[in-house]
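Try each task before you read its solution.

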Amino acid sequence: MMEWFSALELFAKFYWAIALIGSLFFLFIIITTFMGADGGEDIDDINAEAGIEFQFITFKNLVGFFTIFGWSGIACLDAGLSKPVTVIISFISGLLMMTIMAAMFHYMKKLTSSGTLDYKNAINAVGEVYLTIGANRSKIGKVSVNIQGSLRELDALTDCKTALKYGTVITVLDVTSNGILIVDTHKTT
């Protein structure tokens, strides 16, 4: 094995070294991900908390770049392509791999949901009174309203002159700072 490696010219050794080192890191990331340790995610999460939605330069993407850069360079050398063409093709292949991985991780993160209810998403939602709501914000009642894909029973107040009884169809107008919905009777157009 060492005889074969020492017989290579410096340019080919460079690509083989990058391909092998990149592949070792890639295998480490794959193994730790399947074991649940997810190597490198802490580094990526730090970038995510900074507010950058689409992360192009992360540890995982760089490992992908160098792995594909090395192997595509080796394939170009084996095909007999010139050194400048090999460098260009391997660099473009590495960038393409980084782009694919960045897009893949970006869209996978979008699939996750925190499950935290954001009351502002209830504004303009149509629901139904569950427990009578007192007129002029005199008594908190409850409404059933569909928010973020699930039916919720939430506290509500109204500015209407009359109480809103059970079964009344309502529209959410606003949300107070402590999460109480301000509702009114639903007006069909």
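**Exercise 1.** Is N146 buried, partly exposed or exposed?

*Solution.* Ground rules first: this is a predicted model, where local features need pLDDT of at least 70, side-chain atom pairs count only at pLDDT 80 or more, and totals for chains, interfaces and linings use all residues. Residues are numbered from 1 along each chain as its sequence is written, and side-chain values use heavy atoms, with hydrogens and water left out.

Now the cut-offs: buried is under 20% relative accessible area, exposed is over 50%, and partly exposed lies in between (1.4 Å probe, protein chains only). N146 has 49% relative accessibility, so it counts as partly exposed.

**Exercise 2.** Work out where N146 sits and what it is in contact with.

*Solution.* Start with the strand: N146 belongs to strand 2, residues 141-147. Strands (E, at least two residues) and helices (H or I, at least four) are DSSP runs numbered from the N terminus. Next, skip neighbours within four places in sequence; N146 is then in contact (heavy atoms within 4.5 Å) with A125 and L151. Its side chain also reaches the backbone nitrogen of S150 at 3.1 Å.

**Exercise 3.** Check the span of helix 4 against what its residue count predicts.

*Solution.* The expected span is 1.5 Å times one less than the number of residues. Helix 4 (residues 59-78) has 20 residues, so it should span 28 Å; the end C-alpha atoms are 29 Å apart, which agrees. For burial, its buried residues include V63, F65, F69 and I74. After the helix comes G80, with a positive phi near 85 degrees.

**Exercise 4.** Which residues make the nonpolar surface patch of about 360 Å²?

*Solution.* Areas come from Shrake-Rupley with a 1.4 Å probe, and for residues only the protein chains shown count as cover. The members are I88, F91, I92 and L95. Take F91: it is in helix 5, residues 83-111, and at 42% relative accessibility it counts as partly exposed.

Note on methods:
Patch = residues over 30% accessible without salt bridge, like charges linked within 9 Å, V, L, I, M, F, W, Y side chains within 5 Å. Salt bridge = Lys/Arg side-chain N within 4 Å of Asp/Glu carboxyl O. Polar contact = N/O pair within 3.5 Å; in protein donor to acceptor, adjacent residues only side chain to side chain.
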